[in-house]
Amino acid sequence: MAITILPPVVEDLGLRRTDYDESMSDDDSDVEMGGVDISGASRPSKRPRLGDKKIGEGIVIPGEVITADTQYMRSWHLYEPFVHFNHCYCRWNIPKDKQIDVRYPLRARYQPEIGDLVVGRIVEVQGKRWKVDVAAPLLAQLPLSAINLPGGILRRRTSADELQIRTFFSEGDLVVAEVQSVHQDGSASLHTRSLKYGKLRNGVFLAVTGTGGNGASNSSTKGGIGSGSSGADTSNGGGGGVVRSRRQVWTIDAHNGGGQVDVILGVNGYIWISKHADGAEAASSTTESVSITRMEEMVSSSIYSSQNDEIPPQTRREIARLAQCIRVLVQGGQRVDEDTLMATYEASGQVDLEVGDDDYDEDGAHEGRGYLEGAKARRILELAMQLK
Amino acid sequence: MSNQRQASSASQTPHLSPAELSYLYTSLSLPRAPIRPDGRSPTQFRPLSAESNILPGTNGSARIGFADGTQAIVGVKAEVERTNLATDTLASQSDVNDSEEHQGSAAVSGHGSWVQMSIEIPGFRDDDALPVFLSEMMRESLVGSVTEGSGKADAADAAEMAGGLKGRLVINKRWHWRLYIDVLLLSQPLSYPLPLLSLTTHLALLSTKLPKLKSQGEEDPFFDDDWAVAEYLYPRISSQKTKLPSQYVRPPVTLLVISVGENVIFDPNREEIAVADAVLAISLTRDSEAGSLKLLSIRTIDPPSRLTQPAVPNSENVNMLGAPAPTEDIAVLNPVTGEEEVPGVWRPRRGGIKRSVIANMVQTVLKKGGVGEDVLEGLEGVEVE
C-alpha cells in the first residue's frame with residue numbers, strides 16, 4: 001500500500017477549554033486567574049486558589065494575570081501584580097521560595113548566547129560580512145574578519161578579500177560556527193576561527209525546534225546542565241528540540257556497515273548529519289599525499305570546499321535513518337541530545353528486527369520499511385526511553 | 001520579478017547549499033534503490049490525515065493534513081441555475097451537427113463553465129499566477145474527464161454519469177446545477193501545493209450530495225426536502241452484483257511525480273522537489289470501463305533545480321589553490337543528462353526528461369495495483385458520513 005490515510009487526530013485542547021468553562025460557573029473572584037493548574041488529571045471540582053498549597057504550575061499567555069496575591073515574589077517576565085508580559089506562551093510554577101517563576105517557553109525562537117555552537121545558513125552577502133539565518137529573531141552576522149583564511153594565514157583582511165567574499169561562503173551555504181558575542185538587540189555575531197567550524201558538506205540538514213534554553217530544566221542555570229535532572233524533566237514535557245548540553249558534536253559508529261557518521265546538533269535546532277571526515281581522511285580525499293606538517297593547512301583549506309566526497313549507499317542509508325530518529329524524537333516531544341538520539345538509533349534497529357520477524361513472508365513488507373515516522377514511531381520511542 | 005519567478009516555479013524553493021543538493025541528488029538517483037532523506041520507498045506517500053463532511057453549510061467538504069503540517073479545506077456548494085443557451089453556442093452547435101440536436105448539445109452534455117473553482121493560498125493574491133494556474137489545472141481535469149461511454153449512453157443506468165461531471169450537472173434542458181468549489185490552503189505552501197489541493201478536492205467531491213429530484217422531465221425542478229435521501233454526486237458502488245458503469249466514475253486526482261536520474265519518485269517533499277530533474281503533475285481518474293484507470297493529463301512543472309546555485313569543484317576553487325595538487329577530478333559523462341559532471345559537484349539541472357522515464361512513470365501510476373489505484377482506494381476508504 002503506497003498511501004496511509006489516518007483519521008484526524010483531535011489535539012489535546014480540552015484542558016484549556018475546561019478552564020474557561022469552570023471559570024464561568026465559578027465565583028467571580030477567580031475569573032482573573034486563568035490558566036492555573038492544567039496538569040492535574042483528576043482535578044478537584046473546585047478550582048484551586050492561589051491561597052491553597054496545591055497550585056504548582058500552568059501555562060500563561062502574555063498579558064495574563066497569574067495572581068493578585070501579594071505573598072509571592074515576582075521574577076522576570078512578570079509585571080506587578082504578576083502580569084505575564086513576555087512574548088511567548090510559557091509554563092510557570094512556584095518553587096519553594098514562593099517566587100512565581102515563569103520559565104521555559106512552550107515554543108519560541110532561539111535566543112543566542114555567547115559560546116553556543118550553531119549551524120546557520122547564509123542568506124545574504126554584504127561587503128564585509130555575511131548575514132546568517134540561525135533561527136533567531138534577527139539574522140546573525142559573520143564578519144569577514146571572524147573566519148579563517150585558507151591555509152591558516154594570519155593577516156589583516158584586505159579589500160581583495162572583500163571582493164572575493166563569495167568564494168568563502170555564498171548564499172545558501174551552511175556553516176557551523178560559534179556565537180562570539182550577542183548585541184544589545186539580541187542579534188548574534190558568529191565566528192569560525194577554529195578547524196571545527198566552517199562550511200558543511202557530505203550530509204543532510206534538518207531543522208527542528210531549538211529554543212536554546214535547557215528544555216525543561218531550570219532557566220537560571222543555563223549552559224551547565226547535569227544529566228541528573230533530565231529524567232524527571234522530559235516527563236514534564238517542556239517541549240522537544242535541541243537543548244544546550246555537554247556534547248553537541250560527536251561521531252557515531254553506524255550500523256549495517258554504514259561506517260562513521262558525524263552529528264552536529266546546533267543549539268539553535270539546526271542539525272547536520274554527515275559522513276565522518278577526520279583530519280587525515282579529509283586531507284587524503286583531496287590530495288594524493290600530504291606531509292604531516294602540512295596537514296593543518298590541508299584541512300583548513302578544504303573547509304571552503306563545496307564538493308562532496310564519495311559516500312557509499314550504506315552510509316547514506318544510515319544518515320537518513322539518523323535524521324528520521326531525530327524527527328521521531330521531536331514529534332514525540334522529547335529533547336534531542338546525545339543520549340536520546342543514540343538510544344533512539346539503537347531502538348530503531350531493534351524495531352526493524354521485530355517487524356522483520358512479524359511479516360517476513362509478506363511481499364510488501366520490505367517496501368518502505370525504512371520509513372520510521374509513521375506507525376513505528378511510537379514503538380521506537382517507547383524502546384528508546386527504556387534504553388536510556 | 002522574484003515573486004513571479006517563485007510563483008511559476010514548483011515551490012518556494014528552499015535555499016539549499018550546493019553540497020546538500022549534490023548529496024540529495026546522488027542519493028535519489030542511485031540506480032534502482034533511491035535513498036530518500038526520510039527513508040521512504042519511491043512510491044510511498046507520507047501518512048496523511050483526512051476527514052470529510054466537516055462543513056455543515058456545504059454540499060460536500062473535506063479536510064486533509066499532510067505530514068509536513070500543511071492543511072487544506074475544500075467546500076463544494078451546488079446551486080440550481082437556469083440553462084441560458086447563448087445564441088452563439090446554438091449557432092455554432094447547429095452548424096456542426098445540424099441534423100442531430102437543434103436544441104444545443106450544451107443542454108444535454110453540460111458545460112465546463114458550470115464548475116467554478118477558486119483557490120486561496122496564503123501570501124498570494126487571487127489573481128497571482130500560482131492560484132490561477134492551479135485552479136485551472138484542476139478544473140480542467142475535472143470537467144474534461146468525459147467518459148468514452150458518453151456516445152453509448154443509451155443504457156438508462158449509465159446515462160446518469162454520461163459526459164462525466166458535466167453531464168451529471170444537467171437537470172433537464174432548461175435547468176442545471178452550478179458547482180462552486182472553494183479550496184482553502186490553511187498553511188503557508190511549504191512545497192508545491194497541487195497534490196494536497198487535488199486530494200482534498202477529490203475527497204470533497206466524493207462526499208458531495210445533491211438533493212433528490214422530485215420533478216420529472218422538463219418541469220421546473222423540484223427537490224425532496226429530506227437530506228437523507230439526497231444522492232451522491234458521484235454514485236457509490238451499491239453492491240457487488242449490480243456494478244453499473246457509472247458507479248466507477250470518480251473525480252480525478254492529480255499526483256505530483258518527480259524524476260531524479262532514472263528514478264521516479266512519488267509524493268516528493270520540498271527538498272526532493274528542489275533537486276528534481278523534472279516535476280510532473282499527472283491527472284488520472286477512474287473510468288466507467290470496468291473501473292480501470294484513465295490518464296487524463298500530464299503537465300510539466302518548472303523544476304526549481306535549474307535556479308539553484310552551482311558548486312565550485314575543488315580544482316577550480318580559489319581557496320584550495322594553496323593545497324598541493326588536488327586529485328584529478330575526472331569529469332564523468334552523466335548518462336541521464338548527457339552532460340559532463342564532476343562527481344560530488346552540484347550543477348543546476350537543465351530540465352528535460354527521457355521518454356523511458358515518462359513511460360515508467362505512467363506505468364507505475366496506471367498499472368493494476370499501482371500507485372494510482374492505491375491512492376483512489378485509500379481516499380474512498382475515508383469514511384463519508
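Student: Which residue forms a salt bridge with Asp220(B), and how far apart are the closest N and O atoms?

Tutor: A salt bridge is a side-chain nitrogen of Lys or Arg within 4 Å of a carboxyl oxygen of Asp or Glu; here Asp220(B) pairs with Arg174(B), the closest N and O atoms being 3.0 Å apart. The pair links distant parts of the chain, 46 residues apart, with Asp220(B) in the loop between β6 (209-210) and β7 (231-232) of chain B and Arg174(B) in the loop between α6 (164-168) and β5 of chain B. Helices (H or I, at least four residues) and strands (E, at least two) are DSSP runs, numbered from the N terminus.

Please bear in mind that this is a predicted model, in which local features need pLDDT of at least 70 and side-chain atom pairs count only at pLDDT 80 or more, whereas totals for chains, interfaces and linings use all residues. Residues are numbered from 1 along each chain as its sequence is written, chains are lettered from A and ligands numbered from 1 in the order in which they are written, and side-chain values use heavy atoms, with hydrogens and water left out.

Student: What does burial say about helix α7(B)?

Tutor: In α7(B), 13 of the 13 residues are buried, so the helix is largely enclosed by the rest of the structure.

Student: How should I read the interface of chain A and chain B, and what is the area buried there?

Tutor: The size of an interface is often given as the accessible area lost when the parts come together. Buried area is that loss (1.4 Å probe), summed over both parts, and between chain A and chain B the value is about 4,300 Å², of which carbon and sulfur atoms give 55%. The contact (heavy atoms within 4.5 Å) takes 53 residues from chain A and 54 residues from chain B.

Student: How many salt bridges are counted between chain A and chain B?

Tutor: The count is one salt bridge; Arg121(A) forms a salt bridge with Glu20(B), with the closest N and O atoms 2.9 Å apart.

Definitions and conventions. Buried < 20%, exposed > 50% of the residue type's maximum accessible area, 1.4 Å probe, protein only. Buried area = accessible area lost by both parts, 1.4 Å probe.
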